[in-house]
Amino acid sequence: MTYGSTEVDEQPTGWRGFLVPLGVVIGLAGLLIGIWFLIDDSASSNVAAWLYDLIGDSAEADALRAGSGNRNVAKIILAAVAMLVGVGGIWLFYAGLNMVVMRLSPRWRASLLPWVFVGPALLLLTIYLVWPVISTIIKSFTEGAGVANWEWALTNSANHSMYVNNVLWLLVGVAGSVGLGLLIAGLLDRVKYESVAKTFIFLPLAISLVGASVIWRFVYTWRPPGQPQYGLLNAVMEGIGRDPVPWTQTADFRLATFALIVILIWLQTGFAMVVLSAAIKGVPTEITEAASLDGATERQKFLRIIVPMIRGSLIMVTITTSIVVLKVFDIVFVMTGGRFNTDVVANQMYVQAFQFFDTGRASVLAVVLFLAVLPMALINVRNIRRQGMAA
């Protein structure tokens, strides 16, 4: 409340002032109980059994307590509690903390209020992002063979082709995706039906990596010569009088790896095209028109004016695509499972963790991926900050 030029803070008094901290305590307790309920596997079954007892169906209640019976009611209860805790509990938590902070002096209020909203998010990031990274690094040195996990990852000759494949994915996949995206964005910039053409090129990005891999399995399908060819490419090869090619089932790892990289390029070109096309449209027309008056050709305007001016967007697309390429797993897993010398780090990490149950080696490969992706993420953050300052 304001009287003249003097601001007076109205604070809850009496029983209302007592209810504020009490509400916070009750809300926090309810949130913790709800989280415990979600963690405890038997909690929802016990509540469902209690409900069956209320309606007189003791047989079903006993079956649920014994770990059998119809668990549909238990699943519904679990979903309801998850919604209540995830929406209502978090809202009460924020609202309660906000009321507590608002009862403080203006100086403390200004200092603490931002942390009321940012603090829980930072806590969740620490629990679900920072701690798993630290835990994985620790496991890479302690689980299984211990330090020997790193020796296996770095010196085992069987892993060398895996690293080479990742480098090929990085060089060819990124260059192909970004290069084609930039070329198509430049070519379609002045086409009459630009939006229609871009829609068809962007469409593959709406397909998941697994779905795209299944589609391309039909494209690459190979059968021995003399048998009907169901794969699109080998049907074409047979139609022009050539022998069918085992695109992804060959001992030539370069052919097989490049065949898989084509799938990623097919998917990621649309992303690069959309971002770079928007950047190209942001280039002032006055600059390109002035270059035309000076006698610059279309190719010179594109390479010497437009490309340098969209450098920030180009870096962002390159880094983003590089991170996707380094973590590629779905395509390799669905197409070859890492056979025929097509293995990559992410696929081998899955194999070690879920087929051989060797968490030590899997942790080492996870750390290797993390160390490879981290510099690119930092470069991307720096680039975004530079663009923000330039704007």
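Visitor: Helices (H or I, at least four residues) and strands (E, at least two) are DSSP runs, numbered from the N terminus, so where does Asn-341 lie?
Guide: Asn-341 sits in the loop between α15 and α16. This is a predicted model, where local features need pLDDT of at least 70, side-chain atom pairs count only at pLDDT 80 or more, and totals for chains, interfaces and linings use all residues. Residues are numbered from 1 along each chain as its sequence is written, and side-chain values use heavy atoms, with hydrogens and water left out.

Visitor: OK, and what's the phi of Asn-341?
Guide: Near 60 degrees, which is a positive value in a residue other than glycine. Phe-340 has a positive phi too, about 60 degrees, and isn't a glycine either. Phe-340 is also found in the loop between α15 and α16 (345–354).

Visitor: How exposed is Phe-340?
Guide: Phe-340 is partly exposed, with a relative accessible area of 34%. Buried means under 20% relative accessible area, exposed over 50%, and partly exposed in between (1.4 Å probe, protein chains only). Asn-341 counts as partly exposed as well, at 40% relative accessibility.

Visitor: Switching topic: what's the pLDDT average for the protein?
Guide: The average is 83, and 87% of the residues score at least 70. pLDDT is the predictor's confidence in each residue, from 0 to 100.

Visitor: And over residues 1–10, what's the pLDDT?
Guide: Below 50 there, and that stretch has eight contacts in the model beyond near neighbours in sequence. A contact means heavy atoms within 4.5 Å.

Visitor: Which residues touch the most other members in the largest nonpolar core?
Guide: Trp-169, Tyr-220, Ile-263 and Ile-331, out of 39 residues. A nonpolar core is a set of buried Ala, Val, Leu, Ile, Met, Phe, Trp, Tyr and Cys residues joined through side-chain atoms within 4.5 Å.

Visitor: Which helix gives the most to this core?
Guide: That's α11, with 12 residues.

Visitor: What does Ile-263 touch?
Guide: Leaving out residues up to four places away in sequence, Ile-263 touches Ala-212, Trp-216, Tyr-220, Ile-331 and Met-335. There's a second, separate core too, with 11 residues including Trp-152 and Leu-365.

Visitor: Last one: is Thr-321 buried or exposed?
Guide: Buried, with a relative accessible area of 0%. Thr-321 is in helix α14, and its side chain reaches the backbone oxygen of Val-317 at 2.7 Å. Not counting residues up to four places away in sequence, Thr-321 touches Val-174, Ser-177, Val-178, Gln-268 and Phe-271.

Technical notes. A polar contact is a pair of N or O atoms within 3.5 Å; within protein, one must be able to donate a hydrogen and the other to accept it, and residues adjacent in sequence count only if both atoms are side-chain atoms.
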